[in-house]
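Trainee: I have a new structure on my screen and I'd like to learn how to read it. Could you walk me through it?

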Amino acid sequence: MLPLSHHFIIMERTQQIHEGRNIKRFREMLGMKQETLAYELGEDWTQKKISQLEAKEKIEADILEQVAKILKVSPEAIQRFDEENALNIISNTFTSHDTSTLNAINHNCTFNPLDKLVEAYEENKKLYERLIEAEKDKVAYLEQLSKPKK
């Protein structure tokens, strides 16, 4: 018989998915308060009861069905959602082609930045010229007011 160090023991990682926590995550993603979910579930439900539901690891099938319908997801989504795996998928596949995200880099510039700088300079020049013209008009008006009337 081989020594213990030569045996390979393969352990399957069976992480229990917390259905109550998943309900909370889906509810929060929708921007829904516990009170709102309680109201949607009916008169027997309160905010405190929703809080207790979200603390439970396993949810009864009939309640899970009702909650899933309100949250507009399938019961299986609540039963199988694993945040750790979801974050791994997102972090491993995220590429942004959207300029609204912080880590977006726009490689395909659709304008020449120097052209924009020149446009801004020209606009500033026009504004300055209009300002000078307005000041000249103001001085002329004040001179006209200060002249004695005949």
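Mentor: Let's take the features one at a time, from the overall fold down to single residues. This is a predicted model, in which local features need pLDDT of at least 70, side-chain atom pairs count only at pLDDT 80 or more, and totals for chains, interfaces and linings use all residues. Residues are numbered from 1 along each chain as its sequence is written, and side-chain values use heavy atoms, with hydrogens and water left out.

Trainee: How many helices and strands does the chain have?

Mentor: Helices (H or I, at least four residues) and strands (E, at least two) are DSSP runs, numbered from the N terminus. Here the chain has seven helices and zero strands, so along the sequence the pattern reads α-α-α-α-α-α-α.

Trainee: What share of the residues is buried?

Mentor: Buried means under 20% relative accessible area, exposed means over 50%, and partly exposed is in between, using a 1.4 Å probe and protein chains only. Of the 150 residues in this chain, 18% are buried.

Trainee: And how do I read contacts?

Mentor: Contact means heavy atoms within 4.5 Å. Take the contacts in this chain with a separation of 6 or more: 62% of them join residues 24 or more positions apart.

Trainee: Which residues touch the most other members of the largest nonpolar core?

Mentor: A nonpolar core is a set of buried Ala, Val, Leu, Ile, Met, Phe, Trp, Tyr and Cys residues joined through side-chain atoms within 4.5 Å. The largest one here has 17 residues, and those touching the most other members are Ile 23, Leu 37, Leu 41, Trp 45, Leu 53 and Val 67. At least two residues of this core come from each of helix H1 (19–29), H2, H3 and helix H4 (61–71). H4 gives the largest share, six residues.

Trainee: At what angle do the axes of H2 and H3 cross?

Mentor: Axes are lines fitted to C-alpha atoms, for helices over the stretch in contact, and angles run from 0 to 180 degrees between N-to-C directions. Angles under 35 degrees count as roughly parallel, over 145 as roughly antiparallel, 65 to 115 as roughly perpendicular and the rest as oblique. The axes of H2 (residues 34–41) and H3 (residues 47–55) come within 8 Å and cross at roughly 100°. That is why H2 is called roughly perpendicular to H3.

Trainee: Which residues of H2 and H3 meet?

Mentor: From H2 there are Gln 34, Glu 35, Leu 37, Ala 38 and Leu 41, and they meet Gln 47, Ile 50, Ser 51 and Glu 54 in H3. These divide into four nonpolar, three polar and two charged residues. For that count, Ala, Val, Leu, Ile, Met, Phe, Trp, Tyr, Cys and Pro are nonpolar, Asp, Glu, Lys and Arg are charged, and the others, Gly among them, are polar. Look at Gln 47 in H3: at 33% relative accessible area, Gln 47 is partly exposed. Not counting residues up to four places away in sequence, Gln 47 touches Gln 34, Glu 35 and Ala 38.

Trainee: Is Arg 27 buried or exposed?

Mentor: Arg 27, in helix H1, is buried, because its relative accessibility is 6%. Leaving aside neighbours within four places in sequence, Arg 27 contacts Met 32, Lys 33, Gln 34, Leu 37, Glu 54 and Leu 71. Asn 22 is also placed in H1, and Asn 22 counts as buried at 2% relative accessibility.

Trainee: What about backbone angles?

Mentor: Most residues other than glycine have a negative phi. Lys 72 has a positive phi, near 60°. Lys 72 is found in the loop between H4 and helix H5 (75–80), and is exposed at 71% relative accessible area.

Trainee: Where does UniProt place the "coiled-coil region"?

Mentor: The unreviewed UniProt entry puts that feature at residues 114–144. Over this stretch the chain is 100% helix and 0% strand, with the end C-alpha atoms 45 Å apart. UniProt positions are given in the numbering used here, feature names are shortened, and annotations may be inferred rather than shown by experiment.
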